[in-house]
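Here is a short briefing to read alongside the structure. Take a look at the model first, and then we can walk through a few details together.

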Amino acid sequence: MNFDCIVIGGGHAGYEAALASSRMGLNTLFLTLNLDTIAQLSCNPSMGGLGKSQLIFEVDRLGGEIGYATDQTGIGFKMLNTKKGPAVWSLRTQIDRKRYRENIRKTVMNQKNLSVKQEEVTEIILEDENGSSFTKTQKRAGVNKKKAIGVRTRTRMDYFAKTIIVTTGTFLNGLIHIGLHHHSAGRMGELPSEKLSNSLQNIGFELGRLKTGTSPRVDGKTIDFSQTTTQLPDSNPANFSHLSKNFNPPKIACYITHTNQKTQELILSNLDRSPLYQGIISGIGPRYCPSIEDKCVKFKEKESHQVFIEPDGLDTDEYYLNGLATSLPADIQIKILHTIPGLKEVEIIRLGYGIEYDFVFPYQVYPTLETKRVENLFFAGQILGTSGYEEASAQGMIAGINAGLKVKKHAPFILKRDESYIGVLIDDLVTQDILEPYRMFTSRVERRLILRQDNASERLMKYGVKFGLVDKTYCEKMEEIKDKVKLKLKKFKSQRVAPEIINPILRKHKSAPVTQSITIFQILKRPEMKWKMIESIIEPLETEVSSKIELHAKYDGYIKREHELVKKVKSFENYKIPQEFDYLKVSGLSSEAYEKLSKIRPITIGQANRISGVRSADITRLLVALKSKALIN
Amino acid sequence: MDTISAIATPLGEGGIGIVRISGPNALYIADKIFKGKVKSSQVPSHTVHYGKIIDPDTKIVIDEVLLLVMRKPNTYTRENMIEINAHGGYIGLKQILELILKNGARLAESGEFTKCAFLSGRIDLAQAEAVLDIVQAKTDKSLSLAVLQLNGELSNEIQKIKENLIEISARLEASIDFPEDVEEPDINLKEVTEKITKLLKSGETGKLVREGITVAIVGKTNVGKSSLFNILVSQNRAIVTPYPGTTRDTIESWINLDGIPVKLVDTAGIRESKNPIEKEGIQRTQEITKEAFAVLFVFDKSEGIQKEDLELLEDVKDKLEQNGNPDSINRIIGILNKCDLSCSKDKVKLHPYNFPLISVSALKKINVDSILPAISKLISLNNVPPLVMRIRHLDALRRANESIDRATSLVEAVRKPSLPELISYEIKEAINALGEITGEVTSEDILNRIFSEFCVGK
């Protein structure tokens with residue numbers, strides 16, 4: 001059977017890739033180990049948060065599914081960081097785990113051009129290599145490319161396609177640890193994918209091993225909520241997707257409790273039964289999401305750690321204990337919970353566990369996520385060493401779009417660092433050393449002030465429309481708002497308010513009173529002054545407009561500086577390095593730089609510059625070599 | 001990539017001199033001109049060999065030498081390097097150099113070895129510039145200053161400030177990316193500001209040590225300025241002039257003051273004049289005064305201090321202030337000359353001015369020895385320990401300072417920062433500016449700091 005695109009794996013990278021490619025008109029085959037668990041949230045039942053919500057907004061504006069499904073199945077939306085400036089606001093919501101799965105499954109099943117099969121892929125089929133000869137230079141540059149043409153399944157079925165996207169998450173040689181016992185699994189209760197890993201290794205990919213962990217889930221009927229603090233979601237919540245209308249999601253609370261000295265003592269005295277501390281787990285875990293064992297060992301002086309009790313869904317009493325990721329044995333897990341207020345008599349439904357899995361070092365893919373070694377083969381998601389639903393979804397989207405463009409013989413789609421979080425994510429993956437599962441943070445984003453949730457449409461919707469993934473009427477609507485903001489901004493920069501009108505308001509909000517009239521813009525520029533506070537003295541405006549006006553006032557000067565910086569490095573970022581470029585020909589390159597550059601093969605000078613171990617002197621020499629090569633040609 | 005060569009030791013009659021070759025053909029060239037027991041291309045790296053430099057064409061022996069063979073990459077330039085230790089003397093060394101150039105090397109441009117070292121990543125830019133400063137060092141003290149910088153004194157100082165800023169940045173970023181784990185920090189930038197200000201101030205001294213300072217001798221006509229100039233210059237052996245084209249002439253000369261090059265300038269006596277030549281001289285005097293770091297103001301003690309002196313003194317003060325010295329009085333030393341003659345009674349007192357006064361007689365050489373120590377004292381009073389040397393450093397420091405200033409005003413706007421992302425923006429800019437001197441800081445460095453200091457993440 002012949003397809004345009006095959007997507008392997010039904011996680012967040014998988015469904016985005018499959019949906020994007022089929023929506024771009026590709027005849028797509030979606031292969032998953034288990035149709036009932038596609039779009040599973042394997043860890044906590046929540047979407048978004050710092051850095052991650054920006055990814056959701058961006059995928060949504062490109063025409064992805066994650067934002068809309070989240071809006072449809074979220075049960076407690078909360079905007080984080082609202083006391084800070086809008087560039088770091090981030091939306092997060094609790095998710096009804098089951099509904100999310102069902103929602104995506106329905107979308108996938110109803111998608112035109114998309115066939116779904118429950119199959120385990122065991123092998124990538126490559127085109128026969130028949131005696132084609134390559135020069136040494138081409139070989140060094142990896143030009144002797146193999147081509148992927150299909151996949152073989154455990155049932156000995158062969159499927160052929162023009163492009164193949166592998167999104168196997170933690171399933172490659174997955175190994176679950178609970179205490180000193182371990183067993184093979186892709187996720188608790190699900191089979192791992194064992195043979196595919198060998199196939200990838202045989203092709204020549206460099207694989208590594210990472211570790212992550214998850215927390216116990218408990219029966220809500222056994223929680224004493226009176227001992228916990230309630231965290232309510234926003235009463236007037238914002239949504240992720242441009243498609244959501246009349247947004248009115250359920251508002252289910254989370255609860256907060258804390259570990260104490262007893263918890264710590266218990267954990268420290270049972271480290272002899274921790275696979276993490278007995279050297280059984282070799283994979284590297286994330287520092288930003290440490291197990292409770294790690295927290296107690298590394299931060300001994302901190303006696304108490306927060307535990308978020310998160311609802312698993314509307315139809316269940318199951319709760320996820322966020323903050324207690326652990327791979328300690330079952331009997332210790334329950335004892336730990338019983339030291340914590342509100343959980344003294346709690347019953348565990350599902351144990352926490354650690355999981356180790358194979359990943360492909362991401363320097364082996366281009367920013368399109370196509371592999372350098374094998375043409376037409378793409379990787380996306382956790383297989384490339386990332387962590388998180390949102391990170392996976394973003395990569396799935398990019399791989400899906402690029403598979404589509406490749407089949408249609410269009411130019412590839414690469415987002416830049418200074419236009420999107422997705423660009424930062426992928427650029428980091430292809431240039432940096434992966435030492436732990438990669439997670440998005442806003443602090444990774446140099447141009448954070450201009451890459452915000454609120455302007456995701458302005459930044460990315462044009463691409464979504466171009467690829468046929470977003471209806472252009474949304475783009476038109478966005479332009480309307482943009483024009484209105486521009487108009488009103490101009491007005492508020494000149495419209496003045498007399499001291500006798502504004503001073504009572506300023507005093508009320510502890511802002512210094514004025515002696516002369518002041519513009520609306522100047523008032524809003526003050527960090528302590530919000531639109532809401534002066535609403536009574538100006539014309540009413542829809543929130544979409546007023547929030548942008550406030551933002552422009554708060555960031556006055558900074559947005560301009562950001563754009564200047566973007567402009568400054570533009571030539572750098574656009575300076576292309578040919579993929580077959582022979583780094584041996586650059587004289588005086590340090591050996592480390594030579595090694596890294598010829599391994600990573602950056603596509604621009606800007607990328608080369610971000611590779612650790614490549615120094616400015618190396619860049620100078622590289623530029624000289626590229627320039628002289630250009631002259632010869 | 002060219003092979004380059006140059007004489008590495010100062011020109012002049014030294015005991016030995018060194019000619020250096022660097023580049024891909026260094027060993028090959030040495031093979032052609034050096035005859036020892038073994039060929040230089042076949043010996044291990046970093047070894048010394050005795051032999052002779054012989055012109056391969058004429059077979060004439062030029063010198064007996066020690067040849068040092070250093071293979072890349074562990075050399076100063078990261079290229080193959082040869083150092084020929086020959087007998088000193090300009091002619092001999094020049095012959096060896098010419099032989100090398102004839103056999104395939106190119107004459108190195110000034111500082112090119114250092115540039116190679118920098119370009120090959122052997123040393124960082126701050127270090128490379130310090131090397132250039134060593135080459136150009138004019139007197140002993142500025143040599144030691146350059147060595148200090150090469151050892152990373154400046155880098156250390158900036159590193160400390162950078163560390164401080166990374167710490168603050170990590171706290172801010174932690175509170176932004178983990179709002180439920182980390183509270184917004186209280187930011188105090190006072191210490192950082194003080195440190196940067198100190199470095200910026202020392203920039204002036206750094207410049208002064210490298211380029212020298214001007215001390216003008218000023219006074220009305222006939223108070224003995226020229227005699228004073230002559231005696232100061234003759235008693236202190238003038239050093240090699242730092243600037244090409246200037247030689248010791250009758251009106252200015254360089255002297256070595258505790259290692260700092262000092263340009264002593266005798267000025268025309270200032271008085272109202274209609275004579276065009278004299279007018280020209282007066283104008284020049286005023287210009288020099290404006291540029292001067294310090295002024296020796298000469299009075300005629302036998303005549304007493306007169307109204308004309310004081311008018312001139314006010315003028316000098318103005319000129320010094322125009323040069324950016326608000327406390328101009330700290331830059332003046334009063335010289336009461338002709339103390340050997342009988343003094344007339346002071347008609348006007350110098351009381352309000354409060355600068356040091358030294359009674360001397362240039363003619364009889366009385367007490368002139370105390371003038372230079374007074375200048376030294378004045379320099380040290382007006383400066384802090386010298387560290388910053390390069391305009392590039394100063395520029396980076398200034399930009400860092402501006403960012404910190406903006407961050408400070410953001411911090412002050414509200415007690416708790418409500419726009420921490422802007423404060424963080426400024427602090428990152430400051431870190432980047434400092435990174436131009438001592439190496440960049442990446443977001444990964446900040447994240448590492450966050451994870452080592454905060455227990456974050458669910």
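Predicted model: local features only at pLDDT ≥ 70, side-chain atom pairs only at ≥ 80, totals over all residues.

The side chains of B:Glu426 and B:Arg406 are joined by a polar contact of 3.1 Å.

**Around B:Glu426**

- Helix H13 of chain B, residues 420-438, is where B:Glu426 sits.
- B:Glu426 counts as buried because its relative accessibility is 0%, and the cut-off for buried is under 20%.
- Leaving aside residues up to four places away in sequence, B:Glu426 touches A:Tyr558 and A:Arg561 in chain A, along with B:Ser403, B:Arg406, B:Ala407 and B:Leu410 in chain B.

**How the two chains meet**

- On the chain A side, 47 residues are in contact with 45 residues of chain B.
- About 3800 Å² is buried between chain A and chain B, and carbon and sulfur atoms give 53% of that area.

**Polar and charged pairs**

- Four salt bridges are found across the interface of chain A and chain B.
- A salt bridge links the side chains of A:Arg448 and B:Glu173, with an N to O distance of 2.7 Å.

**The side of chain A that touches chain B**

- Strand S16 (306-311), helix H18 (558-568) and helix H22 (616-632) of chain A each supply at least two residues to this side.
- H18(A) gives the largest share, with four residues.
- Sorted by class, this side of chain A has 18 charged, 16 nonpolar and 13 polar residues.

Definitions and conventions: Residues numbered from 1 in each chain as written. Chains lettered and ligands numbered in written order. Heavy atoms only, no water. Contact = heavy atoms within 4.5 Å. Buried area = accessible area lost by both parts, 1.4 Å probe. Nonpolar A, V, L, I, M, F, W, Y, C, P; charged D, E, K, R; others polar. Buried < 20%, exposed > 50% of the residue type's maximum accessible area, 1.4 Å probe, protein only. Polar contact = N/O pair within 3.5 Å; in protein donor to acceptor, adjacent residues only side chain to side chain.
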